[in-house]
Every structure is written in C-alpha cells, then in structure tokens.
Amino acid sequence: YSFCTLLRLHKIMRIVTCLSLAGLASAAIDFIALGDFGGSGSQHHCEKYTTVGQCSNAVTMNALADTFKAEFIIGPGDLIYSDGLDNSGSLKTDQYERMTNTFERVYSQQRCPNLQIPWYVVAGNHDHDGNVWLEVDWSRKTTNGKWVFPELYYKVSKFDEDTGATMDFLMIDTQIIGGYNYYNESLKSKPWDLKARDEQLIWLEHELKHSRADYVWVVGHYPIYSSCYHGATWGNMEPVNELMKKYKATGMIAGHDHCLLDIQYDDMFYVLTGMGGRSIYEYRRPQDVPPGSEKFHLAGDNHGHAHAGFVTGSFTKSGGIIKYYSDLDPATGKMTLEPLHVIHHIPPRDV
C-alpha cells in the first residue's frame, strides 16, 4: 500500500514520508484510527494479554478493510496496559511477551490479513508507566514494518498520486507536554521536564508553520476536549490548541477517554477514538466541551452491545470524510460494517 522512508535528520526533522502508489490504493488517502487498544496484563481472550473488545474490534476492522482499503493505521496511545513495558522479569510487562501477544498475534497475517499495513503510534500515560523506549525499540526489532514508532514525537507525511492530496500527521507525546493528566487534572498536573516540553512545542510550531499540506492532523493521547469519564485536558494542552488554531490545523486525533467523540469547534475537528478495546467509559463531563460543539458520542450511556470502536478517514484534494464505527451493532450485538456517524465534509486548509 505504501513505501515509507524514515529520515532521521536533526532534532527538528523527525519525518516519515510515504507515497501512496496509484493502482494499489483507492484514489484518496485512506486510514483507520484507534487508541487505547493495548490489551490487558491479566485478561486472556483471542491471545494472552488481550481483551474481548480488542479482539472483536480487530475482526470488524479486518472485515471492513475488505472494501475500505486503508493504507495505514493511526494509534494515539495506551498501546500496552496497564503499566507499559519494563525489564523487571515480569511476563505481563516483558517486551517480547507483550508485544508478541498483545499486538503481533492479534493483528497477524492469519487473523487480520487486511491490516498488514503501517501502524503509526505514539505513547499514552499507561505506556509512560513503564519504559516507553522499549515500545520505540520494537520498531527496530520487528521486520514486518507494521509497528512504526521511531521517536516519542515525529511527523508522517502522505501524498496520493491519483488526487494530489497531501496530509501531515504530527505525532506528539502529550505526556511530555501535559504531565500526568489522568483525570481532568489540568490545574494540578505539571510537565515532568520543562525543557523537554519546550523542545517539543518548538518542534510542533516549526512543523505547523512550514506545512503546506492540504490537511494537518495533530495526533496525541490526551484530548483537548472530551465529555467522557476523564474529561478535557485543555489546561496543560492549551499551548497545543493555540498552535493548531494559529497555523490552521485540520484538527486533532486523540484517545485516553474510552469512547468515541466528534467535536467541532473554532473551525477544527477534534476526533476522539479511545475505544480500541480496553473498556468503555461513562459519559459524564459534557460541561468540558464548548456548548454546541459535540456532534456525536458513543460511550457508557449508549454503547449497548458494542465492546469497542474506531474511526476511518478518506481524503482527496477537495475534501475528506471521517466515519465512526463500533465492533458490534449497539442495538443487535451483531457485527456491523455500517458507520454509526459520519463527518461528511472536512475541507482542505486555506494556506
């Protein structure tokens, strides 16, 4: 589906460039996005260290990909539950044991032949509970090219030859920027390392300022706005939001809250896709989003039979579509390949 080259130049240039090949992909930039899919240290379902929702979501994504030919997958954090990876000798956090069971086998060629595409991921708070560099290191240890995690923050650039559409994904580490915002702790939590935070914000501004892509998505774990259990983390994430507004980003793709949300505000799209399979959270903080901005949610109050969910994106030069899916139909409990909600037109940037 794509050829990707990692260009690791100086600090401000962390780039993965990809060219979509005409004839292999559809005439658009097509992708899937899901966060918080990192299994469990204590549950065992389709494989060891997996959850029901993760396994069911994988089956539905693979079935959808029979017709929706995604070129890549975006993963905004919480890749390994509950405490990331470490080298203490525990199997539930061992690098090979967890990455093999929780990721490689769940989304294997045998089980999910349509998902053998690059997964561009960033860390969440649970990944930082362990040694996050062991997750980065997995990119270098595997040979299938699926797990792509070259740095804690980096850029992915996409180009579609058929339509001429261009798209940048600025993959950021929200833990470095915002500290431990586990529950709407924006006024209490502080970044661990102010120098590291400032370096990343300088990098982010540089990439936003100089991008001429038709669409620019910032991808990170903590959402700026959320109406689910954790709520917004806008306090320490406000510098990111201000940069997005200043340079006319398309929006943000985030996780952390285990629900699906479509929030549209200040001419930007805030896509929350944190229902990758860990659990489903309560819908309890609608006051954390600007009035009238929430267009859709799937959470504890209305998920019905669904265990998990994800979103898809399809973008051409003239506009894009985002669709929201659940693993099972909330009403019937049967697999459904029909979207629950659609953002029908996301315009290209005027830059």
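## A buried histidine to start

H256 is buried, with a relative accessible area of 1%; here buried means under 20%, exposed over 50%, and partly exposed in between, using a 1.4 Å probe and protein chains only. You will find H256 in the loop between β10 (251-254) and β11 (260-265). Although H256 is not a glycine, its phi is positive, at about 75 degrees.

Before going on, a word on the model: it is predicted, so local features need pLDDT of at least 70 and side-chain atom pairs count only at pLDDT 80 or more, while totals for chains, interfaces and linings use all residues. Residues are numbered from 1 along each chain as its sequence is written, and side-chain values use heavy atoms, with hydrogens and water left out.

## The chain as a whole

The chain holds seven helices and 16 strands. These are DSSP runs numbered from the N terminus, with H or I and at least four residues for helices, and E and at least two for strands. Along the principal axes, the C-alpha atoms fill a box of roughly 50 × 45 × 45 Å. For 351 residues, a compact globule would have a radius of gyration near 20 Å, and the 18 Å of this chain agrees; the radius is taken over C-alpha atoms, and the globule rule is 2.2 Å times the number of residues to the power 0.38.

Of the 351 residues, 59% are buried. Among contacts (heavy atoms within 4.5 Å) with a separation of 6 or more, 71% are between residues 24 or more positions apart.

## The nonpolar core

A nonpolar core is a set of buried Ala, Val, Leu, Ile, Met, Phe, Trp, Tyr and Cys residues joined through side-chain atoms within 4.5 Å. The largest one has 95 residues, and F31, F149, F169, W217 and V240 touch the most other members. Not counting residues up to four places away in sequence, F31 touches residues including F68, F72, M167, F169, I253 and F315.

## Helix α1

Helix α1 covers residues 52-64, and its 13 residues should span 18 Å at 1.5 Å a residue; the end C-alpha atoms are 18 Å apart, which agrees. The expected span is 1.5 Å times one less than the number of residues.

Since 11 of the 13 residues of α1 are buried, the helix is largely enclosed by the rest of the structure. Among those buried residues are C55, N57, M61 and L64. The buried residues of α1 pack against β3 (29-33), α2 (95-105), β5 (119-122), β14 (309-315) and β15 (320-326).

## A lysine tucked away

K146 sits in the loop between α4 (132-141) and β6 (147-148). With 2% relative accessibility, K146 counts as buried. Leaving aside neighbours within four places in sequence, K146 is in contact with residues including F103, E104, L115 and W119.

The side chain of K146 has a polar atom 2.5 Å from the backbone oxygen of Y107. The side chains of K146 and Q116 are joined by a polar contact of 3.3 Å. A polar contact is a pair of N or O atoms within 3.5 Å; within protein, one must be able to donate a hydrogen and the other to accept it, and residues adjacent in sequence count only if both atoms are side-chain atoms.

Most residues other than glycine have a negative phi, and most peptide bonds are trans. The bond from Y81 to S82 is cis, with omega near -5 degrees, and S82 lies in the loop between β4 (72-76) and α2.

D266, also not a glycine, has a positive phi of about 55 degrees. D266 belongs to the loop between β11 and β12 (268-273) and is partly exposed, with a relative accessible area of 40%.
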